[in-house]
Amino acid sequence: MLRNHHLGRFAAALLALAVAGTSVAEAATGRVRFNIAKAGFIIGVGGGSGNLQFKGRNYRLRVDGITAGTIGVARADLVGKAYNLRRPEDITGSYSVGSAGLSVIGGGKVARLQNEKGVVLELQGRQLGFEASLDLGGVNVRLD
(Lines give C-alpha, C1' and ligand atoms only; values in the text may rest on other atoms or scores of the structure.)
Protein backbone atom coordinates (compact mmCIF):
# COMPACT_ATOMS: atom_id res chain seq x y z
CA MET A 1 0.00 0.00 0.00
CA LEU A 2 2.83 2.41 0.84
CA ARG A 3 4.47 1.62 -2.49
CA ASN A 4 1.27 2.50 -4.40
CA HIS A 5 1.09 5.78 -2.49
CA HIS A 6 4.64 6.72 -3.55
CA LEU A 7 3.91 5.63 -7.12
CA GLY A 8 0.81 7.85 -7.14
CA ARG A 9 2.84 10.83 -5.89
CA PHE A 10 5.47 10.20 -8.56
CA ALA A 11 2.80 10.07 -11.30
CA ALA A 12 1.21 13.29 -9.99
CA ALA A 13 4.60 15.02 -9.97
CA LEU A 14 5.27 13.93 -13.58
CA LEU A 15 1.84 15.19 -14.65
CA ALA A 16 2.43 18.57 -12.95
CA LEU A 17 5.82 18.86 -14.65
CA ALA A 18 4.30 18.04 -18.05
CA VAL A 19 1.53 20.61 -17.60
CA ALA A 20 4.03 23.27 -16.50
CA GLY A 21 6.20 22.56 -19.54
CA THR A 22 3.33 23.00 -21.99
CA SER A 23 1.96 26.20 -20.45
CA VAL A 24 5.03 28.15 -21.64
CA ALA A 25 4.09 27.47 -25.28
CA GLU A 26 0.39 28.27 -24.85
CA ALA A 27 -1.08 31.33 -26.48
CA ALA A 28 -1.50 34.58 -24.57
CA THR A 29 -3.60 37.72 -24.92
CA GLY A 30 -2.34 41.22 -25.67
CA ARG A 31 -3.96 44.65 -25.72
CA VAL A 32 -4.12 46.63 -28.98
CA ARG A 33 -4.94 50.19 -30.01
CA PHE A 34 -5.29 51.42 -33.60
CA ASN A 35 -5.72 54.92 -35.04
CA ILE A 36 -6.95 54.52 -38.61
CA ALA A 37 -7.96 56.96 -41.36
CA LYS A 38 -9.89 55.86 -44.43
CA ALA A 39 -11.10 57.61 -47.58
CA GLY A 40 -12.52 56.55 -50.90
CA PHE A 41 -15.14 56.47 -53.57
CA ILE A 42 -15.95 52.89 -54.65
CA ILE A 43 -12.41 51.74 -53.74
CA GLY A 44 -11.26 52.82 -50.29
CA VAL A 45 -7.74 53.09 -48.97
CA GLY A 46 -6.96 53.23 -45.29
CA GLY A 47 -4.03 53.11 -42.96
CA GLY A 48 -2.72 54.13 -39.63
CA SER A 49 -0.66 53.22 -36.64
CA GLY A 50 -1.17 51.22 -33.51
CA ASN A 51 0.30 49.70 -30.42
CA LEU A 52 0.46 46.17 -29.02
CA GLN A 53 1.00 45.63 -25.29
CA PHE A 54 2.17 42.06 -24.80
CA LYS A 55 3.88 40.46 -21.82
CA GLY A 56 4.82 43.80 -20.28
CA ARG A 57 6.28 45.35 -23.45
CA ASN A 58 4.95 47.78 -26.07
CA TYR A 59 5.31 47.22 -29.82
CA ARG A 60 4.50 49.80 -32.49
CA LEU A 61 2.27 48.66 -35.34
CA ARG A 62 1.44 49.83 -38.89
CA VAL A 63 -1.96 49.12 -40.40
CA ASP A 64 -3.08 49.38 -44.04
CA GLY A 65 -5.79 47.95 -46.23
CA ILE A 66 -7.99 48.32 -49.28
CA THR A 67 -11.75 47.90 -49.29
CA ALA A 68 -14.41 47.76 -51.98
CA GLY A 69 -17.64 49.74 -51.81
CA THR A 70 -16.40 52.62 -49.65
CA ILE A 71 -17.78 56.13 -50.03
CA GLY A 72 -16.62 58.92 -47.73
CA VAL A 73 -13.90 59.90 -45.30
CA ALA A 74 -13.59 58.60 -41.76
CA ARG A 75 -11.20 58.21 -38.87
CA ALA A 76 -11.47 55.50 -36.22
CA ASP A 77 -9.81 55.01 -32.86
CA LEU A 78 -10.12 51.36 -31.91
CA VAL A 79 -9.03 49.46 -28.80
CA GLY A 80 -9.31 45.82 -27.92
CA LYS A 81 -7.56 42.52 -27.45
CA ALA A 82 -5.37 40.24 -29.54
CA TYR A 83 -5.93 36.57 -28.74
CA ASN A 84 -3.80 33.51 -29.55
CA LEU A 85 -0.42 35.27 -29.48
CA ARG A 86 2.63 33.16 -28.73
CA ARG A 87 5.09 35.95 -29.61
CA PRO A 88 4.68 39.58 -30.76
CA GLU A 89 5.40 38.71 -34.41
CA ASP A 90 2.24 36.59 -34.55
CA ILE A 91 0.15 39.77 -34.82
CA THR A 92 1.62 40.49 -38.27
CA GLY A 93 -0.28 39.36 -41.34
CA SER A 94 -3.45 39.84 -43.32
CA TYR A 95 -6.69 39.91 -41.40
CA SER A 96 -9.96 39.05 -43.07
CA VAL A 97 -13.00 41.20 -42.41
CA GLY A 98 -16.58 40.88 -43.52
CA SER A 99 -18.66 43.64 -41.99
CA ALA A 100 -21.06 46.25 -43.29
CA GLY A 101 -21.44 49.60 -41.61
CA LEU A 102 -22.69 53.15 -41.83
CA SER A 103 -21.36 56.00 -39.72
CA VAL A 104 -22.45 59.62 -39.86
CA ILE A 105 -20.57 62.23 -37.75
CA GLY A 106 -19.73 59.70 -35.03
CA GLY A 107 -20.68 56.14 -34.35
CA GLY A 108 -19.56 53.02 -32.61
CA LYS A 109 -17.60 50.34 -34.43
CA VAL A 110 -17.06 46.73 -33.45
CA ALA A 111 -14.85 44.37 -35.42
CA ARG A 112 -13.60 40.80 -35.11
CA LEU A 113 -10.69 39.96 -37.41
CA GLN A 114 -8.50 36.89 -37.82
CA ASN A 115 -5.15 36.38 -39.56
CA GLU A 116 -3.64 33.28 -41.13
CA LYS A 117 -1.77 32.44 -37.89
CA GLY A 118 -5.00 32.20 -35.93
CA VAL A 119 -4.58 35.52 -34.10
CA VAL A 120 -7.96 37.09 -33.42
CA LEU A 121 -8.40 40.84 -32.92
CA GLU A 122 -11.54 42.00 -31.14
CA LEU A 123 -11.77 45.78 -31.51
CA GLN A 124 -14.23 48.44 -30.55
CA GLY A 125 -14.22 52.19 -30.70
CA ARG A 126 -15.60 55.32 -32.27
CA GLN A 127 -15.55 56.47 -35.84
CA LEU A 128 -15.67 60.15 -36.82
CA GLY A 129 -16.66 61.45 -40.26
CA PHE A 130 -18.96 60.05 -42.93
CA GLU A 131 -18.53 56.60 -44.40
CA ALA A 132 -20.88 54.09 -45.96
CA SER A 133 -19.08 50.86 -46.71
CA LEU A 134 -19.27 47.18 -47.39
CA ASP A 135 -15.85 46.05 -46.14
CA LEU A 136 -14.88 43.24 -48.48
CA GLY A 137 -11.15 43.81 -48.36
CA GLY A 138 -8.60 42.93 -45.73
CA VAL A 139 -6.40 44.66 -43.24
CA ASN A 140 -2.63 44.21 -43.06
CA VAL A 141 -0.83 44.60 -39.74
CA ARG A 142 2.93 44.68 -39.30
CA LEU A 143 5.42 45.57 -36.59
CA ASP A 144 6.82 49.06 -37.14
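Biologist: What are we looking at here, an experimental structure or a predicted model?
Modeller: A predicted model. The protein has 144 residues, with 1 helix and 6 strands.

Biologist: How much of the protein is buried?
Modeller: Buried residues make up 31% of the 144. The protein exposes about 8,900 Å², and carbon and sulfur atoms supply 61% of that.

Biologist: And the contacts, what share join residues at least 24 apart?
Modeller: Counting contacts between residues at least 6 apart in sequence, 69% join residues at least 24 apart.

Biologist: OK, core next. Which residues touch the most other members of the largest nonpolar core?
Modeller: Val-32, Phe-34, Leu-52, Ile-91 and Leu-121, out of 19 residues in that core. S1, strand S2 (57-85) and strand S5 (120-135) each supply at least two residues of this core. S2 gives the most, with 7 residues.

Biologist: Let's zoom in on Phe-34. What does Phe-34 touch, leaving out residues up to four places away in sequence?
Modeller: Phe-34 touches Ser-49, Gly-50, Leu-61, Val-63, Ala-76, Asp-77, Leu-78, Leu-121, Leu-123 and Val-141. One of those, Leu-121, is also on the list of core residues that touch the most other members.

Biologist: How many salt bridges does the structure hold?
Modeller: The structure holds 6. Take Arg-60 and Asp-144, whose side chains meet at 3.1 Å, N to O. Arg-60 lies in strand S2 and Asp-144 in the segment after strand S6 (138-143), so this pair ties together parts that are 84 residues apart in sequence.

Biologist: Are Arg-60 and Asp-144 buried or exposed?
Modeller: Both are exposed.

Biologist: And Arg-142, which residue does Arg-142 pair with in a salt bridge?
Modeller: Asp-64, with the closest N and O atoms 2.9 Å apart. That pair links distant parts of the chain too, with Arg-142 in strand S6 and Asp-64 in strand S2, 78 residues apart.

Biologist: Which residues are linked in a network of salt bridges?
Modeller: Arg-87, Glu-89 and Asp-90.

Biologist: Switching to Thr-92. Where does Thr-92 sit?
Modeller: In the loop between S2 and strand S3 (93-96). The side chain of Thr-92 makes a polar contact of 2.9 Å with the side chain of Lys-117. Leaving aside neighbours within four places in sequence, Thr-92 is in contact with Asn-115, Glu-116, Lys-117, Val-141, Arg-142 and Leu-143.

Biologist: What is Ala-39 in contact with, beyond neighbours within four places in sequence?
Modeller: Gly-44, Val-45, Gly-72 and Val-73. Ala-39 and Phe-130 are 91 residues apart in sequence and 9.5 Å apart in space, C-alpha to C-alpha.

Biologist: Last topic, backbone. What is the phi of Lys-55?
Modeller: Lys-55 has a positive phi of about 50°, although it is not a glycine. Lys-55 lies in the loop between S1 and S2 and counts as exposed at 59% relative accessibility.

Biologist: And what about Asn-84, what is its phi?
Modeller: Also positive, about 70°, and Asn-84 is not a glycine either. Asn-84 is found in strand S2 and is partly exposed, with a relative accessible area of 36%.

Note on methods. Residues numbered from 1 in each chain as written. Predicted model: local features only at pLDDT ≥ 70, side-chain atom pairs only at ≥ 80, totals over all residues. Heavy atoms only, no water. Contact = heavy atoms within 4.5 Å. Core = buried A, V, L, I, M, F, W, Y, C linked by side-chain atoms within 4.5 Å. Buried < 20%, exposed > 50% of the residue type's maximum accessible area, 1.4 Å probe, protein only. Helix = DSSP H or I, 4+ residues; strand = E, 2+ residues; numbered from the N terminus. Polar contact = N/O pair within 3.5 Å; in protein donor to acceptor, adjacent residues only side chain to side chain. Areas by Shrake-Rupley, 256 points an atom, 1.4 Å probe, with all protein chains shown as cover. Salt bridge = Lys/Arg side-chain N within 4 Å of Asp/Glu carboxyl O.
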